Amino acid sequence: MNCNELREHYELYVIGVAEEPERSEIRAHLNRGCQVCTLGIQLARDVVALRGGTAARAGVAQRRFGWAPFLAAALAMAIFAAVYFSGRERDLANELARVREQNRQQNIELTRVNQAFAILTGADTTVTTFGEGQPKLKGKVFVSPSQGVLLIAGNLQPAPSGKAYEMWIVKDGKAKAAGMFQSAPDGSAMHIQRGTVANTDAVAVTLENEAGADQPTSTPLFAAPIRALVQ
Ligand SMILES: [Zn+2]
């Protein structure tokens with residue numbers, strides 16, 4: 001089976017309930033180092049881990065929020081007994097704020113990974129590899145005409161201060177801005193541009209001023225031509 005046929009089974013594989021023959025096929029792809037499946041399984045693991053993590057965290061948050069009435073009472077009491085409870089209130093309030101913030105971050109991350117996973121596993125998604133055989137920048141562009149573009153790059157050195165990377169969707173010789181992104185300290189980058197992207201000719205990336213540009217102002221670091229999906 002090819003990677004396209006396996007994509008919708010990645011998540012099932014990760015949670016251990018993929019059926020045959022998909023299970024063996026995915027394992028075979030992973031064993032021979034198939035990049036698409038390796039990446040897909042990594043993303044599926046993230047999705048599963050984050051979903052689990054969020055559920056667990058929601059439980060913790062709920063228990064913490066259970067303190068809210070106590071907090072309110074303590075606050076009311078504190079108006080009269082000003083000093084005694086103040087340290088404890090602050091601790092609880094800080095803890096509450098911390099859990100809320102953690103939950104928010106976790107949800108942002110989950111949304112992002114879910115979006116990436118949706119594009120990766122889209123029925124209309126095509127995969128383009130760029131930078132192959134190059135010692136430097138390399139990666140993959142997943143284009144789903146109905147859902148958007150997912151760019152995953154490696155060896156992309158962090159942009160100099162005041163600069164950022166900008167993705168472009170090229171169609172009929174025209175480049176349309178498709179979002180700014182940065183790479184992580186290890187050179188990895190993931191960028192998602194959601195929305196419909198019919199008949200894309202290529203996806204390119206340039207280095208631009210942090211604020212972004214309407215049109216590319218520098219030579220693209222790469223331009224990956226997008227193949228039409230052949231069924
Ligand atoms: Zn594969």
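View 1. Strand S4 covers residues 163-171 and pairs with S5 in the antiparallel sense over six bridges; two strands pair if DSSP finds at least two bridges between them. Strands (E, at least two residues) and helices (H or I, at least four) are DSSP runs, numbered from the N terminus. Residues are numbered from 1 along each chain as its sequence is written. In this predicted model, local features need pLDDT of at least 70 and side-chain atom pairs count only at pLDDT 80 or more, while totals for chains, interfaces and linings use all residues; side-chain values use heavy atoms, with hydrogens and water left out.

**View 2. The open sheet S5-S4-S7-S8.** Four strands make up this sheet, and their pairing is antiparallel. S5 and S8 stand at the edges with a single partner strand each, so one side of each is left without a neighbour in the sheet. From one strand to the next, the twist averages 25 degrees; the axes are lines fitted to C-alpha atoms (for helices over the stretch in contact), and angles run from 0 to 180 degrees between N-to-C directions.

**View 3. Gly-212 in the loop between strands S7 and S8.** Strand S7 spans 202-209, and the loop holding Gly-212 lies between S7 and S8. Gly-212 has 30% relative accessibility and counts as partly exposed; buried means under 20% relative accessible area, exposed over 50%, and partly exposed in between (1.4 Å probe, protein chains only). Not counting residues up to four places away in sequence, Gly-212 touches Glu-166 and Met-180, where contact means heavy atoms within 4.5 Å. The C-alpha atoms of Gly-212 and Ala-164 are 7.7 Å apart in space, and the two residues are 48 apart in sequence.

**View 4. The aromatic pair Phe-130 and Phe-222.** The structure holds two aromatic pairs. In the one shown, the ring centres of Phe-130 and Phe-222 are 3.6 Å apart and the planes are at 5 degrees, so the pair is stacked. Rings of Phe, Tyr and Trp (its six-membered ring) pair if their centres lie within 6.5 Å; planes under 30 degrees apart count as stacked, over 60 as edge-to-face and the rest as tilted. Phe-130 lies in strand S1 and Phe-222 in strand S8 (residues 222-225), so the pair ties together parts that are 92 residues apart in sequence. Phe-130 is buried at a relative accessible area of 6%, and Phe-222 is buried at 10%.

**View 5. The open sheet S1-S2-S3-S6.** Four strands form this sheet with antiparallel pairing. Strand S1 (126-130) and strand S6 (189-194) stand at the edges, each with a single partner strand, so one side of each is left without a neighbour in the sheet. The twist averages 15 degrees from one strand to the next. S1 pairs with strand S2 (residues 138-144) over five bridges in the antiparallel sense, and Val-127 has Phe-142 in S2 as its bridge partner.

**View 6. Strand S3 and its two partners.** Strand S3 (residues 148-154) has six of its seven residues buried, so it is largely enclosed by the rest of the structure. S2 and S3 run antiparallel and are joined by seven bridges; a hairpin connects them through three residues. Val-149 in S3 is the bridge partner of Val-143. S3 is also joined to S6 by six bridges, again antiparallel, with Leu-151 opposite His-191 in S6.

**View 7. Ser-183 in the loop between strands S5 and S6.** Strand S5 spans 174-181, and Ser-183 is found in the loop between S5 and S6. Ser-183 counts as buried at 11% relative accessibility. A polar atom of the Ser-183 side chain lies 2.7 Å from the backbone oxygen of Leu-156. Leaving aside neighbours within four places in sequence, the residues in contact with Ser-183 are Leu-156, Gln-157, Pro-158, Tyr-165, Ser-188 and Ala-189.

**View 8. Confidence along the protein chain.** The mean pLDDT (the predictor's confidence in each residue, from 0 to 100) of the protein chain is 79, and 77% of its residues reach 70 or more. Confidence is highest in helix H3 (residues 22-31), at a mean of 95, and lowest in helix H5 (residues 68-80), at 48. Over residues 62-72 pLDDT stays under 50, and the model has 11 contacts beyond four places in sequence for them. Over residues 74-85 pLDDT also stays under 50, with four such contacts.

Terms used
Polar contact = N/O pair within 3.5 Å; in protein donor to acceptor, adjacent residues only side chain to side chain.
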